[in-house]
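User: Hi! I'm new to protein structures and would like to learn how to read one. Could we go through this one together, question by question?

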Amino acid sequence: MYGLLVPDITNPFFPPLVRAVQHAAAERDAEVILIDSERSATAEEDLVSRIRPQVDGLIVASPRLPTNRLRSMLDGIPSVVVNRLVRGLPSVVCDNTDALHEAANHLRDVGHHRFALVLGPVGSWAADRRAEAVRSWAHHEDVALVEVGPLEAQFRDGRAAARELIDSGATAIIAFDDLMAAGIIAGLNDEGERVPQDRSIVGCDDVLLAQTMTPSLTTVAAPMVELGAQAVALLNRVVAGERARSITLKGELQRRGTVAAPPG
């Protein structure tokens, strides 16, 4: 029996991960108990404390706890962390750096010179890594970069940021994730702007929403099936007492309908 802790099951990033973990666990005759911390670091500790006696190992996805508290929480139970690197704990992460650089180059190549980076949640390892990837790219390019946020990875937070993005003058927007990007597009529409005619936007994760919205979202895809499968395989090795090394997968840019040349 394995536990799977996620921070927000309503975020469309996590259901495909949950399914991938369940399928990989079933192939090994294991069951999965799902727990949702509702984006609360305090709840993470409480939920893990409750579930520990019921499980043989834990997969912890995108935890918000500070590193020392996270290590303490997982002390004494076989564990794997997904979507965050923690020294001393086996992890499976997706490195989006190259794909985000490719996305930024794509925006620049079609004519954009003023970029807005919409930051993700405070305490999110993935948000920090994605932001650093965009900043490092902009540092070496002849472009202007403004930052908005940090924001929660929520549709409503993205929608509320639209006015600030318009005021920033940026014609190219890179959002922390697809859900936030969808909210930004809705907010721009509220303000009378269209994507990609007035502004272009790139998301991250390639959730189902990104593929089905109109226009479909240019985004960086995470290999969700492999992410879940590798997490389960890694946890099996930890449970068996084997030495387990962290695994890094790569994101891939998906070019769709939300990027075009800037107006004029």
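**Reading the model step by step**

Analyst: Happy to! Let's begin with N96, which is found in the loop between β5 (91-95) and α4 (97-109). Keep in mind that this is a predicted model.

User: Is N96 buried or exposed?

Analyst: Relative accessibility is the value to look at here, and a residue counts as buried when it is under 20%. For N96 the value is 6%. That is under the cut-off, so N96 counts as buried.

User: Which residues does N96 touch, not counting residues up to four places away in sequence?

Analyst: Here we set aside the residues up to four places away in sequence. With those left out, the residues that N96 touches are R130, C204, V220 and G251.

User: What is I201 in contact with, leaving aside its neighbours within four places in sequence?

Analyst: Once its neighbours within four places in sequence are left aside, I201 is in contact with I173, A181, I184, I185, V195, L217, T218, T258 and V259.

User: How are the rings of F13 and F14 arranged, stacked or edge-to-face?

Analyst: The structure holds 2 aromatic pairs, and in one of them the rings of F13 and F14 have their centres 5.0 Å apart. Their planes meet at 85 degrees. Planes over 60 degrees apart count as edge-to-face, so the pair F13 and F14 is edge-to-face.

User: Are F13 and F14 buried or exposed?

Analyst: F13 has 5% relative accessibility, and F14 has a relative accessible area of 6%. Buried means under 20%, so F13 is buried and F14 is buried.

User: How many residues apart are D46 and R50 in helix α2?

Analyst: D46 forms a salt bridge with R50, and the closest N and O atoms are 3.3 Å apart. D46 is partly exposed at 36%, while R50 counts as exposed at 57%. Both sit in helix α2 (residues 41-51), where they are separated by about one helical turn because they are 4 residues apart.

User: What is the distance between the closest N and O atoms of E191 and R163?

Analyst: R163 forms a salt bridge with D167, with the closest N and O atoms 3.1 Å apart, and both residues lie in helix α7 (residues 162-168). E191 forms a salt bridge with R163 as well, and there the closest N and O atoms are at 2.9 Å.

User: How many salt bridges does the structure hold?

Analyst: Some of them share partners, and these join D8, R39, R64 and E152 into one network. The structure's total of salt bridges is 18.

User: Where is P150, with its cis peptide bond from G149?

Analyst: The bond from G149 to P150 is cis, with omega near 10 degrees. The place of P150 is the loop between β7 (144-148) and α6 (155-160).

User: Is S62 buried or exposed?

Analyst: S62 lies in the loop between β3 (57-61) and α3 (67-74). Its phi is near 50 degrees, a positive value in a residue other than glycine. With a relative accessible area of 14%, which is under 20%, S62 is buried.

How values were computed. Residues are numbered from 1 along each chain as its sequence is written. This is a predicted model: local features need pLDDT of at least 70, side-chain atom pairs count only at pLDDT 80 or more; totals for chains, interfaces and linings use all residues. Side-chain values use heavy atoms; hydrogens and water are left out. A salt bridge is a side-chain nitrogen of Lys or Arg within 4 Å of a carboxyl oxygen of Asp or Glu. Helices (H or I, at least four residues) and strands (E, at least two) are DSSP runs, numbered from the N terminus. Buried means under 20% relative accessible area, exposed over 50%, partly exposed in between (1.4 Å probe, protein chains only). Rings of Phe, Tyr and Trp (its six-membered ring) pair if their centres lie within 6.5 Å; planes under 30 degrees apart count as stacked, over 60 as edge-to-face and the rest as tilted. Contact means heavy atoms within 4.5 Å.
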